[in-house]
Amino acid sequence: MLEIKNLRAAIDGKEILKGINLSIKKGEVHAIMGPNGSGKSTLAQVLAGREEYEVLEGEVLFNGKNLLDMAPEDRAREGVFLAFQYPIEIPGVSNVNLLKTALNEIRKYRGEEQLDSMDFLNMIKSKMSLVEMPNDLLQRSVNEGFSGGEKKRNEIFQMAVLNPLLGILDETDSGLDIDALRIVASGVNKLRSADNSFIVVTHYQRLLDYIVPDFVHVLFNGQIIRSGDKTLAYELEEKGYDWVKEHFAEFAGKQG
Amino acid sequence: MSTTETNEIEKLANQEYKYGFVTDIETDSAPKGLNEDIIALISKKKNEPEWMLEYRLKAYRHWLKMEEPEWPNVTYVKPDFQDIIYYSAPKQRPKLNSLDEVDPELIKTFEKLGIPLDEQKVFAGVAVDAVFDSVSVATTYKAKLKEMGIIFCPMSEAIQEHPELVKKYLGSVVPYTDNFYAALNSAVFTDGSFAFIPKGVRCPMELSTYFRINASNTGQFERTLIVAEDSAYVSYLEGCTAPMRDENQLHAAVVELVTLDNAEIKYSTIQNWYAGDKTGKGGIYNFVTKRGLCKGVNSKISWTQVETGSAITWKYPSCVLQGDNSIGEFYSVAVTNNMQQADTGTKMIHIGHNTRSTIVSKGISAGVSNNTYRGLVRVGKKANNARNYSQCDSLLIGDKCGAHTFPYLEVNNPTAIIEHEATTSKIGEDQIFYLNQRGLSTEDAVNMIVNGYCKEVFRELPMEFAVEAQKLLSVSLEGSVG
């Protein structure tokens, strides 16, 4: 589904991603872990098409199509969804209005019929139960006055409604208490299927107790320095990122 | 923003004014210029009674002594008042019994503008008094309103058929001595709307007037007067478009509203006159005096405006809260793009006890435009327990435009409670990217953000007007993000 080949990207002239290679197949969940500043969020933003980042080299194929050539909205319409680390507030625009517009834009792109209001509302109700969304959040302005937990929950709710092929969760666990974490994780688990894939970007192993990944990658200094199965996450948790830094100091030094 | 997006934006920005066309109709015009003979001619053309001519002449003589105001935060070449045609009427048969008899060219123009003159729209509940140039050509639903005692007709007709009402109220809120343009309007106005809602009557439909400036070099001076007697209610809609012109066209209207005890007037405007081309050439000068007098106790006047057009806007719909417990409201969205300049706001004059006013102003500036909010809240010595809440927000699109806020407070009574909030924000790339990531194009994203920003004002508009307003905003801001 997703092929990332030697991806290098910079912001303000500073290279952050220094040659990422990653292959994700349908139905897989990949966790990307790493210390602060290793490039985890950059990778998420570059895949979503954030323009501040300059792609220096490399290729990203999404179902055979060149993702890097597409505008951010077309990537979304192709089925890439980014659950933001810091979801932004949009005053005066109701959640439900955003979702209806977004869903119909995506359907239009795919040559599907527009959903009428009744069908849309029925669908949305079923998705709300997935993340235990309170009703009033639907009518409220997008993320405005939401608590940190509500914002993250809202991201997963939007993902549930838009039903992407690839969901990228950028530190969705940050700022969540244990109950909210469980709700969010259970929402993601219910969305997992043989047809979609997820990239779970996280700093802590904690989230991976709930969303169990098929693969874990350690990102350090803009490169994936180690990949493994879920046990790698435990090893990291146990030994800490300092271990990574020391272990790969020589490697990082070469690149830096 | 990337280069490709900038190109896209430039392409969109180059779109021409959608309603720029000229209707080919013979006009019956007065010669250019202004003097007492011209005013007498206007009065004669309108078959006016002697008192009306006298009023006009008094206003004209006063105007001659006045200076054009220079305090607004706008710059323009002052109009040459001797180079304007003050009377121009489409030639038509004198008596019309139905729309079928109206000049088909006129009907075509209205259709192009999407004005609901056809039966369908009439059945939808909108009574239309369409002003084409300076003469009203059609009035619908009059009979039904008449049954309820409501008068809704062109001002010229009201002067002849309801002289006692016009005499009583015309100039009672905006006297001709008020300001330069109000004096000019009082001298030369050719038409406009008159609405009178008698005691205890709730007007069952929204009254609507579409203004359209047509003949070249014709300044248009509408005069509108709306009176709601005790416990009466009316919602009035004003909306307009104008064709493309090279010369600046002067537009100086006067609108007066009067509410007696327990009465309410809701006045909504969508203004989309030609704003000039990208270099600022052409475009309408819109110098308007709008004021409402809450004369009776517990009365209420509410102004809602969506201003997107005109090269220069100079306009302060105001409320004089004379009756005890009266309420004044002002909800405004003012958009400026390209070279447009707007200096707009409101005045809330608290005179009676327990009077309350609310001001919600949303300015949106794009291009190299300048958008100024100017508001006055005055609490008189005897106005005990007056309250005002003002909220003035400015939204900037791009980095070449300007937003200015001039709030004036004159509080002469210690029991007053005045609150003022002001914010300035920019449409963030973060917001646009967030919406892009949900599948919306940049243009749709901007529209969504702007409409969200204006929500508090749009929800004050009648439903179908709110939909029009949203569309208008999209058109006005097309390609403004960069």
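Guide: A residue counts as buried when its relative accessible area is under 20%, as exposed when that value is over 50%, and as partly exposed in between. The model considered here is predicted. Ser369(B) has a relative accessible area of 1% and is therefore classed as buried. This serine belongs to the loop that runs between β19 and β20 of chain B, where β20 spans residues 370-379. A polar atom of the Ser369(B) side chain is placed 2.6 Å from the backbone oxygen of Ala366(B).

Strand β19, which covers residues 356-365 of chain B, contains Lys362(B). A salt bridge joins Lys362(B) to Glu456(B), with 2.8 Å between the closest N and O atoms. This pair connects distant parts of the chain: Glu456(B) is located in helix α12, residues 455-458 of chain B, and the two partners are 94 residues apart. Their surroundings can be described by the accessibility of each partner. Lys362(B) is buried, at a relative accessible area of 4%, whereas Glu456(B) is partly exposed, at 25%.

In chain B, the side chains of Lys78(B) and Glu70(B) form a salt bridge with an N to O distance of 2.5 Å. Here Lys78(B) is partly exposed, with a relative accessible area of 39%, while Glu70(B) reaches 60% and is exposed.

In chain A, Arg226(A) and Glu235(A) are paired through their side chains in a salt bridge of 3.4 Å, N to O. Both partners fall in the intermediate class: Arg226(A) is partly exposed at 31% relative accessible area, and Glu235(A) is likewise partly exposed at 22%. The value for Glu235(A) is not under 20%, so this residue is not counted as buried. Chain A also holds a network of salt bridges that links Asp74(A), Arg77(A), Glu105(A) and Lys108(A).

Over all chains, a search of the whole structure finds 34 salt bridges.

How values were computed: Residues are numbered from 1 along each chain as its sequence is written. Chains are lettered from A and ligands numbered from 1 in the order in which they are written. This is a predicted model: local features need pLDDT of at least 70, side-chain atom pairs count only at pLDDT 80 or more; totals for chains, interfaces and linings use all residues. Side-chain values use heavy atoms; hydrogens and water are left out. A salt bridge is a side-chain nitrogen of Lys or Arg within 4 Å of a carboxyl oxygen of Asp or Glu. Buried means under 20% relative accessible area, exposed over 50%, partly exposed in between (1.4 Å probe, protein chains only). Helices (H or I, at least four residues) and strands (E, at least two) are DSSP runs, numbered from the N terminus. A polar contact is a pair of N or O atoms within 3.5 Å; within protein, one must be able to donate a hydrogen and the other to accept it, and residues adjacent in sequence count only if both atoms are side-chain atoms.
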